[in-house]
Amino acid sequence: MTHPTHRLPAYAAGHLTGDDAAAVTAHLAACPACATQARAWHRTATAVQDDTARIAPPPPHLFAAIRSRLTPSPHPSGTRPVPAYRGDIGTRPLHRALGILTRQRTLIRWPVWALAAALIAGGAILAALAPTGHAAQVLAMTVPLAAALAVAGACGTDNDPPAELAAALPTPPRVVLLARLTLVLTATVTAGLLATLALTALTSGGGAAGLVTAWFGPLVPLSATSFALSVLYRPSAGVITALALWLARALSTGQTAATGLSPALLRIVDPLWTPGPAVLTSAAALVAATLLLSPRLPRSRHTGHPWR
Amino acid sequence: MDDTDLRLLRLVATGDEHAFERLYTRHAHALLAYAEGLLRDRGTAEEALQETFIAVWRSAGSYEGRSTVRTWLYGICRRQALKRMNGGRPAPRPLDEAAHLPSTEPDPEVVALARADTAAVAAALTALPATHREVLTLALSAGLSHAEISQILDIPVGTVKSRLFTARAALARALPVEVEGRPR
């Protein structure tokens, strides 16, 4: 005979119904051991239920307090809300833009800045030590990489608690994203410019304009690619792609080590380092498309289970 | 199974305050009793209940139906209560649990419990540690299944079963001694 040992608690508490309850009742009539167990469970259930019943129901003011704290409407699942700016548009626009920009600085985590600064500083030092004529190449390899990695770190939203907060503020997510992109690019480009100026002042060789063109060209498509992947997919994808493009370029210009890859394949990335109008236009279009799509992405991967 | 809760929660996800109030009316008392049992303090329990329903309103849209609505509610409520608990969460006692594997044959303690009077059992219940009271409340008062309790407490179903028996054994041990010798 199988004993319904584990169904006795529910049975004794009155939570079994229909056939389930009838089967246990029939068993208990024939099995004194289970009948004693059931009585013990019944005592326990009665005590627990009495104990629960003694607790007074929630007072009416409790629900009133909850209701007063409800936001107008919870977000429909699946999409990130696109808040509209309802303030007086046009009043102190510069002040507001500056406010949004400066606040992004505190929201971007410090390792992003540290990595970008280290890469640019390292690039400048290497360029100063490089043989004459190679400074441009060294800068072209470091500054764009710094920018692409910083963009991925600042604009990707994986595990980004401030993004949750930002999504709840009246500033549209697109503006926040654009502000972050602007801030990161302004910072890296300024750092790159300073590094270039320092380099030309110290080595007195080569025009500053030529050096700037050498690194600013590849910076545009590389940052745009990193931005699009980080925002639309995840930051790691932006980082990996930027590193892969960078490596392909390094191998293609180096040509010293046997890579096993065909030179033709490696040269595919070369147009990114000497971008023409087509590449620059594509980069701009990519950034625009990403900005357009970003608030409409499913947000499920950003929200955890509410009680896990 | 009754799908009223699910229907109400879907409406809450669209911002229906009336459905929200109905969901509250259906569960607030039981959840408050659960929270108060965990916290042993009325004010903190009311606070936990309030935060529970705020969280329900906010995250109704992200309910994925992986558990029943009731399980989901108890899970949120438990989390809110534990946040407010002094001295951390109720600790499970592995050795204790292993020592009381459920058996069919009633031991003397079970016999004593089966014969005990209501007042004695009620007194013994107040002496139980929070872990034991919690599992008894969920199973016997809230009427949740073993599977539902396992989701709320985040423990295997087997552990829920043994914890129930452990809790009952602890209850039997906490009975006043004279009850055992008393004639029925």
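The model is predicted: local features need pLDDT of at least 70, side-chain atom pairs count only at pLDDT 80 or more, and totals for chains, interfaces and linings use all residues. Residues are numbered from 1 along each chain as its sequence is written, while chains are lettered from A and ligands numbered from 1 in the order in which they are written.

Start where the chains meet. Chain B brings 47 residues to the contact and chain A brings 39 residues. Two residues are in contact if their C-beta atoms, placed from the backbone, lie within 7 Å. On the chain B side, helices 2 (17-39), 3 (42-59), 4 (69-83), 6 (108-115), 7 (118-126), 8 (130-141) and 10 (157-173) each supply at least two residues. Helices (H or I, at least four residues) and strands (E, at least two) are DSSP runs, numbered from the N terminus. Helix 3 of chain B gives the most, with nine residues. By class, this side has 27 nonpolar, 12 polar and eight charged residues. Here Ala, Val, Leu, Ile, Met, Phe, Trp, Tyr, Cys and Pro are nonpolar, Asp, Glu, Lys and Arg are charged, and the others, Gly among them, are polar.

Now look within chain B. Helix 1 (residues 4-13) packs on helix 2 at an angle of about 140°, with the axes 8 Å apart. That angle makes the pair oblique (under 35 degrees is roughly parallel, over 145 roughly antiparallel, 65 to 115 roughly perpendicular, and the rest oblique). Asp5(B), Leu8(B), Leu9(B), Leu11(B) and Val12(B) of helix 1 meet Ala19(B), Phe20(B), Arg22(B) and Leu23(B) of helix 2. These contact residues divide into seven nonpolar, no polar and two charged.

Turn to chain A. An unreviewed UniProt entry annotates residues 7-35 as "domain: Putative zinc-finger". That stretch is 76% helix and 0% strand, with its end C-alpha atoms 12 Å apart. UniProt (unreviewed entry) also lists "transmembrane region" spans, including 136-156 and 177-202 of chain A. Such annotations may be inferred rather than shown by experiment. Residues 136-156 of chain A are 95% helix, and their end C-alpha atoms lie 30 Å apart. Residues 177-202 of chain A are 100% helix, with end C-alpha atoms 37 Å apart.

Finish with one residue. Leu115(A) sits in helix 6 (residues 110-129) of chain A. It counts as partly exposed because it has 15 C-beta neighbours inside 10 Å (buried means 20 or more, exposed 12 or fewer, partly exposed in between). Its C-alpha atom is 7.6 Å from that of Ala150(A), 35 residues apart along the chain.

Key
Axes are lines fitted to C-alpha atoms, for helices over the stretch in contact, and angles run from 0 to 180 degrees between N-to-C directions.
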